[in-house]
Amino acid sequence: MKERILITGNNGELGSKTLKKLLSIGKSVIALDINDPKEKIHSVKYIKDTITNKQLINSIFNDYHISEVYHFAALLSQSASQNPELAFEINEKSSKNLIDCVYNFGIRNNCITRFFFPSSIAVYGPRKIKNASEQDIIKPTTIYGNNKLIIEQYGSKLHEKSISKKIGLDFRSIRFPGVISYDTVPSGGTTDYAPQMINCAKKGEKFECKLSPKTKLPFIGIDQTISSIIDLMNLEIIESKFRVFNVQEASFSVKELSDFLSKKFPSFQIAYNEDKNFQSVADTWPSSLNCKKANKFWNFTTEKDFEVFLEKIINK
Ligand code: AKB
């Protein structure tokens, strides 16, 4: 049976770019998403279905030799708060089912399958902290943060069970801050204000901001996001029981971003209309992350100057 990589949520920001990266290094991919992709790539086997379809997920593991899984299908923080039951079904129940399938596949076939899970800074809380390390207080207050934490723990538990016998699941995860792309404008998240604001400034449109000017959060660009995922998944072994890593390139406040954009695009205008659904979430997430662990394991480098970081994103 030919080896395939399974990507869920391939139409999303991270899913679509990871898919392209994997194809560029010659991998064969099965891509599962609830919607059709904007453009279909000939060599990819697309499946249009929901991650909640247990029967389908089981059949994928019966029909193919799945060598790696990248599991991006999820509801983001704001969408999850608006729809907690769906968030439970997709972010938690379906993720557990997928992890179980990978684990059982490994046991049946006497192999170990790498599993990538995109976690989030949403696992931190309840208080805002600076320079958060992976082992810092993780008592999330949001549905989304809890979903992510439960899957981190579930994946790590099955990893632990697998590793001694070297069969089952090899779980790897990154806690992402806000991700900024140069060509897509995301929605449904709390950190999405930043790419949305950049997009408005570029188009000369006014931006209505739901967060207060002093709100500070960590961010990463899409290129470093994708290379971090690939670098982490390419590590032969990770000598650590703790399977999650922080990454960030820069940390800045809403005001710092809007001042930077006003300098670059003089017609840019911003209005503040604080929304407690957004503010109360951002107030529990760290203002910056400690990335020493990612640096140690795959030489992750963090861009310290936020203006240099933003300049690169805008000029891309
Ligand atoms: C969100 O804001 O929900 C996401 C995240 C940081 O997990 N971008």
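F105 is part of helix α4, which spans residues 84-109. The model is predicted. With a relative accessibility of 2%, F105 is classed as buried, because buried means under 20%.

**Helix α4**

- Beyond the neighbours within four places in sequence, F105 makes contact with F61, Y64, H65, I66, C111 and T113.
- F72 is 33 residues from F105 in sequence, and the two C-alpha atoms are 20 Å apart in space.
- E89 also sits in helix α4.
- Once residues up to four places away in sequence are set aside, E89 touches T52 and S94.
- I51 is 38 residues from E89 along the chain, with 9.2 Å between their C-alpha atoms.

**Loops and backbone geometry**

- Most residues other than glycine have a negative phi, and most peptide bonds are trans.
- N110 has a positive phi, near 55 degrees, and is not a glycine.
- The position of N110 is in the loop that links α4 and β5.
- N110 has a relative accessible area of 60% and is therefore exposed, the cut-off being over 50%.
- N299 likewise has a positive phi in a residue other than glycine, with a value near 60 degrees.
- The loop holding N299 runs between α10 (292-298) and α11 (306-315).
- At 62% relative accessibility, N299 is counted as exposed.
- Between G125 and P126 the peptide bond is cis, and its omega is near 5 degrees.
- P126 belongs to the loop between β5 (112-120) and α5 (143-163).

**Buried positions in strands**

- R175 is located in strand β6, which covers residues 168-176.
- Is R175 buried or exposed? The relative accessible area of R175 is 0%, so R175 is buried.
- A polar atom in the side chain of R175 is 2.9 Å from the backbone oxygen of E134.
- S253 falls in strand β11, made up of residues 250-253.
- S253 has 10% relative accessibility and counts as buried.
- Apart from neighbours within four places in sequence, the contacts of S253 are Y193, P213, K214, T215 and K216.

**Ligand site**

- Which residues are around the ligand? They are L76, S77, S120, I121, Y144, F176, P177, G189, T190, T191 and W285.
- By type, this shell holds six nonpolar residues, five polar residues and no charged ones.
- The side chain of S120 has an N or O atom 2.7 Å from an oxygen atom of the ligand.
- For Y144, a side-chain N or O atom is 2.7 Å from an oxygen atom of the ligand.
- T190 places a polar backbone atom 2.7 Å from an oxygen atom of the ligand.
- On its own the ligand exposes 250 Å², and the protein buries 93% of that area.

**Domains**

- The domain assignment divides the chain into domain 1 (3-178 + 221-246) and domain 2 (181-218 + 250-287 + 305-314).
- Their C-alpha centres are 27 Å apart.
- In the contact between them, domain 1 takes part with 24 residues and domain 2 with 25 residues.

Technical notes:
Residues numbered from 1 in each chain as written. Predicted model: local features only at pLDDT ≥ 70, side-chain atom pairs only at ≥ 80, totals over all residues. Heavy atoms only, no water. Helix = DSSP H or I, 4+ residues; strand = E, 2+ residues; numbered from the N terminus. Buried < 20%, exposed > 50% of the residue type's maximum accessible area, 1.4 Å probe, protein only. Contact = heavy atoms within 4.5 Å. Near = heavy atom within 4 Å. Polar contact = N/O pair within 3.5 Å; in protein donor to acceptor, adjacent residues only side chain to side chain. Areas by Shrake-Rupley, 256 points an atom, 1.4 Å probe, with all protein chains shown as cover. Nonpolar A, V, L, I, M, F, W, Y, C, P; charged D, E, K, R; others polar. Domains from an automatic or database assignment.
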